[in-house]
Amino acid sequence: MDSSKPAKAVKNAVKTASEKIADVLTPTVPGAPGSAPPTVEEPTAPHDPLPPKSEQGAPQTRTPTGAETDTPTTANGQQGAYLTTAQGARLRDTDHSLKAGSRGPTLLQDHHLREKITHFDHERIPERVVHARGAGAHGVFTAYGTAEGVTRAGFLKKGRETEVFVRFSTVLGSRGSADTVRDTRGFATKFYTDEGTFDLVGNNMPVFFIQDAIKFPDIIHAGKPHPDREIPQAQSAHDTFWDFVSLHTEAQHHTLWNMSDRGIPRSYRTMEGFGVHTFRLVNEAGDTALAKFHWKPTLGVHSLTWEEAQMLGGMDPDFHRRDLYDAIEAGAFPEWELGIQVLPDTPEETFDGIDLLDPTKIVPEELAPVQPVGKLTLNRTPTNFFAETEQVAFHVGHLPPGIDVTNDPLLQGRLFSYVDTQLTRLGGPNFAQIPINRPHAPVNDMLRDGFHQQAVHAGVAPYRPNSLDGGNPFPAGDDEHAFLDVPVTVAEAPKVRANPASFDDHFSQARLFWLSMSPVEREHIIRSYTFELGKCYHQAIKERQLQSLANIDPELCAQVATGLGLPAPEPTVPLADVTPSPALSQVGREWPTDGRTIGIVVDPDSDLDGVHQVRAAVFEAGMVPLLIAPHGGMVGDLPVQRTFATGRSVEFDALLLAGAPAPAPDAIGARDDKAGTTDTKTVDPRVLLLVEECWRHAKAIGAWDDGVAVLRQARVTDTPGVVTAGSGAEALTAVQGLMAAHRVWDRFPATVA
Ligand code: HEM
């Protein structure tokens, strides 16, 4: 039978169960585990495995050498109704080991026990040495054709659709660390092009800490937990990080990005992505251009507040992962435009005085516009996290014809590092044959044998030239889409361990970034430096970093110095005269609200008809409504997603109040420490806490009917971004309008210029 379809017995079970469950309203909120709701009784009638959830995808079922197969992707999953050994022998019992009598010792002959335990013992593989924590999704890239003039890459030709797998990550933390820590985010995209796989292995920041790959172990050792106590986890707020970046001042520009709101994204869906390095493009005619890659999110760049990020670390450490998968499940497919800055390929490899080989420098968009060349849509979540997200292997050397590398010394070292680390992480040299890594182009590489070889290579002559295999494989030329190593001239030069002099400017672009920020963004930067340095133990390190801040901007330095209780030093370099780049700020524009989450406070006395309409309208607008009520289950005929005990403000982008719930029976301070005390309040204190936190985090808040009383009790009526309306529909419209600007910044007039 077709294993992608559920067996009849399952369909019936699903139908019966779904009739029973409370949430019969459609659409439902995302996040249900499994593709069918469970029954209360353990299912015992044998049937084939359940299908994946409808939003789940999986790697195409290609052969290890890239050939298409006609099998559904579920063919890679478990098969049949019965429990078997790894060899397919059916088993009658997996709950008891084979013993000499029910009270006797376990027998060595129990091959099932040994197979089960042995495999379990080896389930873990080494996590990535960096970027260990991540989440991936499948999607499609559609080219506009606008890059055809500058690159011969086939996947950028007009209308061409290419399957992709994207993995987002944090850099510093272990695989189990929290999503919302302050850190750079990885943004790695695997394009399965028919000319070979292209990996764009970028970050959500356009610059890097170091200019030469030989420093990579140093910056990572400095950022990782201290080697003696192994703390702190997934943090840069500690002495070794600041020791390194204050001594190695080329790190200052990237560090400033990390200290800005870019270091705590609201969602992977609201991050920009950057290829960081300058690449070299070559077109059909052999003309070359230099280029920088950019990903621009349709939803705009949007970040958490620091308090939200910290709270989420405890309340929902998987916040970004959940957000990505819930959005895809809800049909709010995350989208980015791929853009390129095209720069002339001159012998100096500079643009407007900016050294294009220096990965600590950007080219401001105002000087070289980002030209859109295609759209990325993520539309399927993985079926199996380990098989796909954990085993995916990116490499900056995976390039299609038409895209080549430059001499950026950071990029040059990366070209070595990725395959090298994957040899250990993925247990041998054949990881390109793992389903998620299989190219969608024919592979004939003369690479043979090795651990976990899955191809069954034919022939006797995996060498060139040969006559025994009829000369196969043959070299390709331009007409056959061969990769082109652009024949760039390498200047005669002495062999040195040195950087070009132009790499010595470590502060001008950090200053450019600082001056491009809006006042509220500057305040956040000041606060994060003060927090991070305040967490350092040694004064000397704080003083040294203050010197770098003075060289970026005296006001930034003075404000941080005040918080640290230290004197602000004078700059030791002339302050750069730079033109701000407004494109770097994430404040001041409006974006779509797709996939955002609205919390709706209800109780049985609320205007439930109004809530029905609002819930439907939120879904209709491509957002997710989460009902928050005094207890779980149902309020009227509406399903409850969060209770006052389980819901917290940081989960929502905006809050609507349809009622003024009195303190629920479980609103007892001693039983719920976040509730505070019920004292004389007429509204459940946890609802007031929701309002207070949403207000403090500059989120839109709306109320109608009894909900207005809550705003009064929280003393937030008549403040910016707080709406009282005559109906739920009116409140939603007003709140959605406010959400377009991401936050109600007017609530907190900035105090820095
Ligand atoms: C512009 C600078 C860099 C960027 C944008 C960058 C980006 C990334 C990203 C996005 C990942 C995660 C890939 C994934 O999701 O699996 C990653 C992993 C990694 N990066 Fe980098 N990186 C940079 C510099 C470097 C350098 C200089 C080195 C070494 C010399 C390096 C070594 C690694 C290693 C070893 C991994 C783990 C790969 C794996 O285990 O599969 N990176 N990098």
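This is a predicted model: local features need pLDDT of at least 70, side-chain atom pairs count only at pLDDT 80 or more; totals for chains, interfaces and linings use all residues.

**Exercise 1.** Determine how many residues surround the ligand, and which elements supply them.

*Solution.* Step 1: the shell around the ligand consists of 23 residues. The closest are Arg 128, Arg 167, Arg 414, Tyr 418 and Arg 425.
Step 1: at least two residues of this shell come from each of β4 (185–193), β5 (196–203) and α9 (409–425). The largest share, seven residues, belongs to α9.
Step 2: sorted by class, the shell has eleven nonpolar, eight polar and four charged residues.

**Exercise 2.** Identify polar side-chain contacts to the ligand, using a cut-off of 3.5 Å between N or O atoms.

*Solution.* Step 1: consider the oxygen atoms of the ligand. Arg 128 has a polar side-chain atom 2.7 Å from one oxygen atom of the ligand, and for Gln 422 such a distance to a ligand oxygen is 3.0 Å.
Step 1: consider nitrogen. An N or O atom in the side chain of His 131 lies 3.4 Å from a nitrogen atom of the ligand.

**Exercise 3.** Describe the largest pocket by volume, lining and class of residue.

*Solution.* Step 1: the volume of the largest pocket is about 1600 Å³.
Step 1: its lining comprises 45 residues, and those nearest the centre are Asn 76, Gly 77, Gln 78, Asn 384 and Ala 387. Two or more lining residues come from each of β1 (56–57) and α8 (385–390), with α8 giving the most, three residues.
Step 2: by class, the lining has 19 nonpolar, 21 polar and five charged residues.

Technical notes
Residues are numbered from 1 along each chain as its sequence is written. Side-chain values use heavy atoms; hydrogens and water are left out. A residue is near a molecule or strand if one of its heavy atoms lies within 4 Å of it. A polar contact is a pair of N or O atoms within 3.5 Å; within protein, one must be able to donate a hydrogen and the other to accept it, and residues adjacent in sequence count only if both atoms are side-chain atoms. Helices (H or I, at least four residues) and strands (E, at least two) are DSSP runs, numbered from the N terminus. Ala, Val, Leu, Ile, Met, Phe, Trp, Tyr, Cys and Pro count as nonpolar, Asp, Glu, Lys and Arg as charged, and the others, Gly among them, as polar. On a 1 Å grid over the protein atoms alone, a cavity is a set of points where a 1.4 Å probe fits but cannot get out, and a pocket is an open set with protein on both sides within 12 Å along at least five of seven lines; lining residues have an atom within 4 Å of a point. Grid points are joined across faces, edges and corners, and a volume is the space filled by probe spheres set on the points.
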